[in-house]
Amino acid sequence: MSQQPQGNSTPDSEQDGVITLPGMYQNYFLDYASYVILERAVPGIADGLKPVQRRILHAMKEMDDGRYHKVANIIGQTMQYHPHGDAAIGDALVNLGQRELLIDTQGNWGNILTGDGAAASRYIEARLTKFALEVAFNAQTTEWQRSYDGRKREPVNLPMKFPLLLAQGVEGIAVGLSTKILPHNFIELIKASIDQLKGKKVQIFPDFQTGGMVDVSDYNGGQRGGRVKVRATIEKTDKNLLTIKELPYAVTTTSLIDSIIKANDKGKIKIKQVVDNTAQDVEVAVELAPGVSPDVAIDALYAFTDCEVSISPNACVIIDDKPHFLTVQDLLRISTENTVELLRQELLIKEHELLEKWHMASLEKIFIENRIYRDIEECESFEEVIETIGVGLRRFVVTPSEKPTAKDTRLRLMREITREDIIKLTEIRIKRISKYNSFQADEYIANLEKDLEQVRYDLEHLTDFAIAYFQRLLEKYGKGRERRTKITTFDTIAATEVVANNAKLYVNRSDGFIGWGLKKDEFVADCSDIDDIIVFRADGNFQVSRIAEKTFVGKDIIHVAVWKKNDDRTTYNMVYLDGASGRSYAKRFNVTAITRDREYPLTQDTKGSKVLYFTANPNGEAEVVIVQLSQGSRAKVKLFDFDFGELAIKGRSSQGNILTKYPVRNIKLKEVGKSTLGALRVWMDEVSGRLNTDERGRYLGEFDTGDVLLLLYKDGTYMTTEMDLTKRFVPEDLYAIGKLRSDTVISAVYYEGNKGWTLVKRFEIETSSNDQRFNYLTDHKDTKLLFATLEPTPRVQYTMRVGNKRMKGEASLVEIIDIKGWKAIGNKLSDAKLYDVVEAPPPPPPPTGKLHAGDSIEFDVDLGKQGELFE
């Protein structure tokens with residue numbers, strides 16, 4: 001390779017017109033990278049469009065006649081401006097059409113839900129929408145440039161008076177640079193622009209055509225480093241069937257089903273089949289395998305399939321031919337400011353046009369009413385005609401260059417009279433002069449002056465004018481563009497908690513092997529291929545390893561199980577012999593966090609130490625054991641009981657308490673103990689419907705072994721189910737949820753469709769089947785539940801209609817009816833249907849102290865039978 005010359009000298013090869021390879025690479029590559037960034041991948045800030053999109057819209061505007069055009073024809077017209085193939089233009093055009101904002105489509109344009117492509121360009125048609133024609137085009141405010149071959153002119157940017165970049169979103173990959181701006185809601189963008197003009201702080205979040213749910217906790221204004229999580233909407237059709245109703249952004253039913261099948265093949269989830277019933281709306285039916293919890297299956301779908309996707313935005317746009325990284329708030333502010341400037345330019349243009357019309361209308365009125373046209377009858381040349389008319393006009397008008405006196409009554413013009421003005425007067429036909437209507441002319445000039453005054457007012461109050469412009473857009477085009485994606489907060493789903501058991505754990509205790517491949521050895525439990533396995537050995541050491549086909553963990557295994565991180569309820573009870581002192585120690589401990597494949601000692605790690613007794617207790621149980629000492633020991637009592645409940649639960653490295661200093665012959669279980677951790681306090685998140693122990697949402701109670709949940713649904717059914725933290729419910733479907741106790745009473749107010757009465761019933765749970773919904777109302781089609789509660793002494797407030805008036809009332813349900821069977825109809829509360837039945841607030845506390853003269857006394861009147869009428 002030749003050496004580069006020093007200093008400013010030029011190589012001979014370059015002097016001869018030859019460029020070295022390093023120079024070519026540097027210059028050509030930079031030129032190529034700049035071209036891709038500026039001309040292909042990244043949108044401009046002014047109109048939010050990539051060059052190909054801008055050229056498509058410009059070509060469609062040139063072709064626009066109100067009718068549909070073949071897409072193939074549009075592509076051909078666009079190729080006059082775009083120096084690339086028809087395939088790139090066609091793809092970009094279809095992409096614009098599927099956004100349903102700027103292009104009105106006809107024919108098969110594909111389906112963003114299923115991923116189906118559009119029909120061939122010769123079979124589909126398109127035209128610009130009325131919205132596009134209003135906000136994107138104005139030849140008078142457009143800056144123009146020559147096309148790539150110099151034959152045509154094209155816009156540098158379209159005069160976009162709307163935050164199109166945020167409404168449509170964009171994605172592009174250039175050389176060493178990429179951009180990804182997520183779409184936002186049409187209505188919210190317009191309202192945010194109005195708030196921006198009013199000086200308010202704005203905050204906008206993505207909204208997707210496919211609907212679904214989005215967690216914007218880490219959106220970070222759409223900047224690099226931010227992230228949003230998007231989920232499909234999944235409904236429980238029944239205990240064996242899930243239905244996916246809405247998709248995450250950029251996910252199709254085809255790709256979604258592929259991801260579900262892939263997860264099933266890997267054993268992450270267990271399903272029987274997936275059926276795509278998508279038509280106009282998304283409907284993907286997922287049939288579960290027998291015995292699979294639908295709640296766990298929903299979480300597994302979010303954890304292992306495209307039902308949940310994470311998107312990293314990167315708002316990059318071109319400003320002054322350079323890429324800039326901004327927030328979506330910055331993009332909205334720049335777009336709003338650009339819109340205000342375009343509106344100002346349009347007002348100035350309109351003002352100029354009105355001034356010209358007023359100027360010519362005034363000159364024409366003077367020219368005809370004062371019969372100046374007669375003065376030119378004896379003129380011999382056109383120049384003499386021009387001069388004569390000019391002299392005649394100046395007798396009746398005052399130009400801005402003149403200084404009139406206060407008594408001068410001549411018409412004051414707003415600009416000088418030009419030669420072109422006089423020429424236009426000479427072109428007035430005799431027929432028009434003869435039919436000239438002075439009254440109509442005065443009315444026309446007055447209207448022009450009125451419009452001119454309004455334009456000047458709008459220019460002085462430009463912000464108010466811009467706000468009114470956005471409000472008109474909202475009124476004209478906002479219908480049907482409401483938010484489709486629900487903004488919420490997602491719980492973190494631990495994959496190990498929801499993954500299906502797709503493997504079996506086996507152990508060879510004597511040789512020290514664990515894994516799913518030891519099928520001839522002892523079976524331990526069903527597990528998944530991402531689970532961690534904890535192993536305790538007789539020498540007092542333990543370790544945690546990821547499950548594999550066959551793993552050596554050390555000989556003499558005494559306990560092996562699936563281990564869950566941060567599990568603070570599983571408690572290990574242990575007695576070990578310290579090899580150095582000969583003493584036996586008892587301890588209780590948890591294992592909540594570890595480093596995989598590292599050995600941890602549970603003894604004092606001295607030679608000869610070993611485990612004498614060991615149990616694993618999933619709910620912190622503490623048993624009683626019988627300790628038998630060696631017959632040759634000096635201990636007077638060689639047989640005694642020991643209760644682990646007397647020990648506190650400490651860390652795994654704690655020494656423990658001395659059990660005995662004498663040799664131990666054996667230790668046997670005497671009595672299984674109860675949990676020393678107490679009942680589990682459970683809440684339900686009222687947003688996600690997930691059960692938790694983090695004190696998040698509605699408190700449900702303390703749950704111990706065997707306790708069950710009771711759910712009251714708004715459709716008039718109830719259900720009992722075992723308490724399981726992996727379960728999730730839909731809060732909007734529930735009137736009440738809580739722990740089922742022996743004295744639990746359900747109180748309900750419902751409209752009985754057959755008799756037309758409002759009834760009250762109170763009953764206890766008499767059914768014993770869990771996970772089965774029981775209807776406790778009558779079967780009439782008009783029967784409807786109005787209120788239900790688990791409160792022991794409920795009072796309700798309600799509204800009933802009496803003629804044209806409404807009556808408010810309050811009633812104690814306990815006083816209306818006693819507890820009866822769950823199939824009883826109940827007692828009558830009203831002869832008609834009641835409305836707005838809600839739980840009454842608790843009564844105020846009784847007054848304290850003595851009453852004095854003049855004190856008022858309030859009485860609590862039960863309005864169960866008589867109400868207060870109000871208009």
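Residues are numbered from 1 along each chain as its sequence is written, and side-chain values use heavy atoms, with hydrogens and water left out. Because the model is predicted, local features need pLDDT of at least 70 and side-chain atom pairs count only at pLDDT 80 or more, whereas totals for chains, interfaces and linings use all residues.

Helices α3 (residues 51–63) and α5 pack at an angle of about 80°, with their axes 10 Å apart. Helices here are DSSP runs of H or I with at least four residues, strands are runs of E with at least two, and both are numbered from the N terminus; axes are lines fitted to C-alpha atoms, for helices over the stretch in contact, and angles run from 0 to 180 degrees between N-to-C directions. The angle therefore makes α3 roughly perpendicular to α5 (under 35 degrees counts as roughly parallel, over 145 as roughly antiparallel, 65 to 115 as roughly perpendicular and the rest as oblique). Residues V52, Q53, I56 and M60 of α3 make the contact with I89, A92, L93 and L96 of α5, contact meaning heavy atoms within 4.5 Å.

On the α3 side the contact is made by R55, I56, A59, M60 and M63, and on the α4 side by N73, I74, Q77 and T78. By class, five of these residues are nonpolar, three polar and one charged.

Helix α4 (residues 71–78) in turn packs against helix α5 (residues 86–98) at an angle of about 120°, with axes 10 Å apart; α4 is therefore oblique to α5. The crossing of α4 and α5 is also right-handed. Here V71, I74, I75 and T78 in α4 meet D86, I89, G90 and L93 in α5, a set of five nonpolar, two polar and one charged residues.

A search of the whole structure finds one cavity of 30 Å³ or more. On a 1 Å grid over the protein atoms alone, a cavity is a set of points where a 1.4 Å probe fits but cannot get out, a pocket is an open set with protein on both sides within 12 Å along at least five of seven lines, and lining residues have an atom within 4 Å of a point. Grid points are joined across faces, edges and corners, and a volume is the space filled by probe spheres set on the points. The largest cavity holds about 80 Å³. Its lining includes I45, F162 and L331, and α7 (164–168) and α11 (328–369) each supply at least two lining residues. The lining comprises eight nonpolar, two polar and one charged residues.

The second largest pocket contains about 1400 Å³ of space. Of its 49 lining residues, K236, D295, R728, F729 and V730 are the closest to the centre. Strand β10 gives the most to this lining, with six residues. The lining of the second largest pocket divides into 15 nonpolar, 13 polar and 21 charged residues.

Definitions and conventions:
Nonpolar A, V, L, I, M, F, W, Y, C, P; charged D, E, K, R; others polar. Left-handed = near helix turned anticlockwise from the far one by under 90°.
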